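Let's take a friendly walk through a protein model, one region at a time. Have a look at the sequence and the structure first, and then read on.

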Amino acid sequence: LSLDRRMATSRGAVAVTGCSGRIGLAVTQELARQRHTVIGIDCVERPEFSGTKFVHCDVSNVDAVTAAIAGAWAVIHLAAVPDDAPFASALVPANIEGVAAVIAAVKRTISVKRLLIASSGKIFSGYSGATPIDVDTPPAPTCMYSATKLFAEAAALALANSVPPDRELHVLVPRFGWLPRTQADVDAMASITGPGEDGVNAYLSPGDAGRFVASFLSAHLDPSPARRHHVVYVQSRPQEGATARFAVRAATELLGWAPTEAYPEGVDAVVGDVGYTPNPALFARVLSAHQAADAATAD
């Protein structure tokens, strides 16, 4: 391990909510590989967590989350309903109340020095302009799922702005690219190949996702209060000669992370994962602006 990684692993436990999800599993496995002490938090336990502390927890319960992250040095909040679904019964408990509960728990837990609140590139599902999309580009949501991710971003900023200046707490909001969850997701992604479109050129591999989170834990970050909140894009490399949908340079400048894989690298881990169970509440995947236009033409 590098000196930075050894320092990160010695700082304390890392709590990962949503550890059984597609990104959560990739992150948990990478952190365990780098010898972090991981606390996996979810309502579903998987055999891959052997050797990792697992806490069965409803992330919308503030007291339960506070108990689960007790003593943790970092919290990686990935738990969410990962696409559009019924608002009141599915999105609100996981994506609204869950974010609020994790933030409240982190406020109570003074040991936590780094907090990641996951957002999504889906906040640009209605975008069809120039690419790569930069962090200053206004979002273009088209569904309530993406609206909940904008809530998560605002809640993370509110936390960063309200933390007392004498408490060191770095808040990172990654807008993750498309890490497919199932074979159907892979097939949909493979059908969209245009430069900068929301398909293979927005792909995020499990390996790149895990290494990104690990880089957040090992990076030297400016401790001044004005530099404790960041929004970045996270995706794998585009196809050769193509344009990525999202610009990752902010993540590279902040954390020293850069993607090393491109579609279809890592896809085998997705389609071969027989233990993954899609959330039954999900609607059909929300169409990107490109897909919606094609569907309208076909009609």
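## A tour of the model

Val 186 lies in helix H6. Helices here are DSSP runs of H or I with at least four residues, strands are runs of E with at least two, and both are numbered from the N terminus. With a relative accessible area of 5%, Val 186 is buried; buried means under 20% relative accessible area, exposed over 50%, and partly exposed in between, with a 1.4 Å probe and protein chains only. Val 186 and Val 271 are 85 residues apart in sequence, and their C-alpha atoms are 8.0 Å apart in space.

A word on the source: this is a predicted model, in which local features need pLDDT of at least 70, side-chain atom pairs count only at pLDDT 80 or more, and totals for chains, interfaces and linings use all residues. Residues are numbered from 1 along each chain as its sequence is written, and side-chain values use heavy atoms, with hydrogens and water left out.

Is strand S2 (residues 38–42) enclosed or open? Its 5 residues are 5 of 5 buried, so S2 is largely enclosed by the rest of the structure. In a regular strand the side chains alternate between the two faces of the sheet. Here both faces are covered: Val 38, Gly 40 and Asp 42 are buried on one side, and Ile 39 and Ile 41 on the other.

Strand S1 (residues 14–17) runs parallel to S2 and is joined to it by 4 bridges; two strands pair if DSSP finds at least two bridges between them. Ala 15 has Ile 39 of S2 as its bridge partner. Between S1 and S2 the chain passes through helix H2 (residues 22–33), and this β-α-β crossover is right-handed: with the strands pointing away from the viewer, the path from the first strand over the helix to the second runs clockwise. Another 4 bridges join S2 to strand S3 (residues 53–56), again in parallel, and in S3 the partner of Gly 40 is Phe 54.

**Aromatic rings**

The whole structure holds 7 aromatic pairs. Rings of Phe, Tyr and Trp (its six-membered ring) pair if their centres lie within 6.5 Å; planes under 30 degrees apart count as stacked, over 60 as edge-to-face and the rest as tilted. Tyr 203 and Tyr 263 form an edge-to-face pair, 5.4 Å centre to centre with 85° between the planes. Tyr 203 lies in the loop between helix H6 (183–190) and helix H7 (206–218), and Tyr 263 in the loop between helix H8 (249–255) and helix H9 (267–271), so the pair ties together parts that are 60 residues apart in sequence. Tyr 203 is buried at 0% relative accessibility, and Tyr 263 is buried at 16%. Elsewhere, Phe 124, Tyr 127, Tyr 233 and Phe 246 form one aromatic cluster.

**Backbone details**

Most residues other than glycine have a negative phi, and most peptide bonds are trans.

| Cis peptide bond | Omega |
|---|---|
| Thr 131 to Pro 132 | near 5° |
| Tyr 263 to Pro 264 | near 10° |

Pro 132 is found in the loop between S6 and H5, while Pro 264 lies in the loop between H8 and H9. Arg 35 is not a glycine, yet has a positive phi of about 70°. Arg 35 sits in the loop between H2 and S2 and is exposed, at 63% relative accessibility.
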